[in-house]
Amino acid sequence: MRPVSTVAFIGLGVMGGPIAGHLARQGFALRVYNRTRHKADTWVEQYGGSAHETPAAAAEGANLVLCCVGNDNDVREVTTGEQGALAGMSPGAFLVDHTTASADLALELADTCRQGDIGFLDAPVSGGQQGAESGALTIMCGGDQALFQHLEPVMAHYACAVTLMGPAGSSQLTKMVNQICVAGLVQSLSEGLHFARQSGLDAHRVMEVLSKGAAGSWQMENRHQTMLEGDYDHGFAVDWMRKDLHICLSEARRLNAALPITALVDQFYAELQRQSDGRRDITALLKRLQATE
């Protein structure tokens, strides 16, 4: 397999922009594309490299293409579309999709790439904007083991853990498990904080104590302070979580898996969207409960 030198990055949002930045700081030559050209130009001003008009143009001459966009349709547009990255890639190059998408899409892309002699990994990430900026993401990968071993050192530049979960699609299923767990944790944390305040306890002190015990979690440790302050203008947006939970619930129906808590929390997020809070962080679940305080 060819060593990675030139990298194309498709999608410079709150996750993709910082990830691409870590690679640029490591000395990789970056060719970038973003649907909003101004964002690509701004990124290039900060990190160097070159901005391009289409994913295909960005992918030309790159032996590794990474993408991190919104949903299944977005991934198809920037990879297999008429001006998608695959139109500009050469045989022997590699495509890694960091988007949280469906397992079906991962299988579809794996098959398409195989036909064009392109190596492919589906590799959704966890850790949110904070993890992307600090280079401490958790990456779940699906695909060929030899390809994973070849590309893992590149992904390690912006991750604290990179793990092969199995063949194509396995990582997307793993990410669904992650989102199922996060939804339940954030709802439970919101209810706990609400209960603590209603009972007259010092909620900050309660969280400091509980975070050291069995109830502790990343969400409790990193988000209870902002939740108590009513600060939800950061992190992973409700709109994106609903997209992810839709994928989880659709897959659960196919698998005949029961997800009652996930389905309930999904409806709570729908309420926040109706209240125009779709761009707020997912911890805004506490905001739903404040009307009774």
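A salt bridge is a side-chain nitrogen of Lys or Arg within 4 Å of a carboxyl oxygen of Asp or Glu. The views below come from a predicted model, in which local features need pLDDT of at least 70 and side-chain atom pairs count only at pLDDT 80 or more, while totals for chains, interfaces and linings use all residues. Residues are numbered from 1 along each chain as its sequence is written, and side-chain values use heavy atoms, with hydrogens and water left out.

**View A. The salt bridge between R37 and E53**.
The side chains of R37 and E53 meet at 2.4 Å, N to O. This pair links distant parts of the chain, 16 residues apart: R37 belongs to helix α2 (residues 37–47), and E53 to the loop between β3 (50–51) and α3 (55–59). Helices (H or I, at least four residues) and strands (E, at least two) are DSSP runs, numbered from the N terminus. R37 is partly exposed at 30% relative accessibility, and E53 is exposed at 58%. Here, buried means under 20% relative accessible area, exposed over 50%, and partly exposed in between (1.4 Å probe, protein chains only). R37, D41 and E53 are linked in a network of salt bridges. The structure holds 12 salt bridges.

**View B. The salt bridge between K243 and D244**.
The side chains of K243 and D244 meet at 2.8 Å, N to O. K243 counts as buried, with 17% relative accessibility, and D244 counts as buried at 2%.

**View C. The salt bridge between D277 and K287**.
The N to O distance for this pair is 2.9 Å. D277 is buried, with a relative accessible area of 4%, whereas K287 is partly exposed, at 29%.

**View D. The β-α-β unit of β5, α5 and β6**.
Strand β5 (residues 94–97) runs parallel to β6, and four bridges join the two; strands pair if DSSP finds at least two bridges between them. F94 has G119 as its bridge partner in β6. Together with helix α5 (residues 103–115), β5 and β6 make a right-handed unit. Right-handed means that, with the strands pointing away from the viewer, the path from the first strand over the helix to the second runs clockwise.

**View E. The side chains of strand β6**.
In a regular strand the side chains alternate between the two faces of the sheet. From β6 (residues 119–122), G119 and L121 point one way, and F120 and D122 point the other way. All four of these residues are buried.
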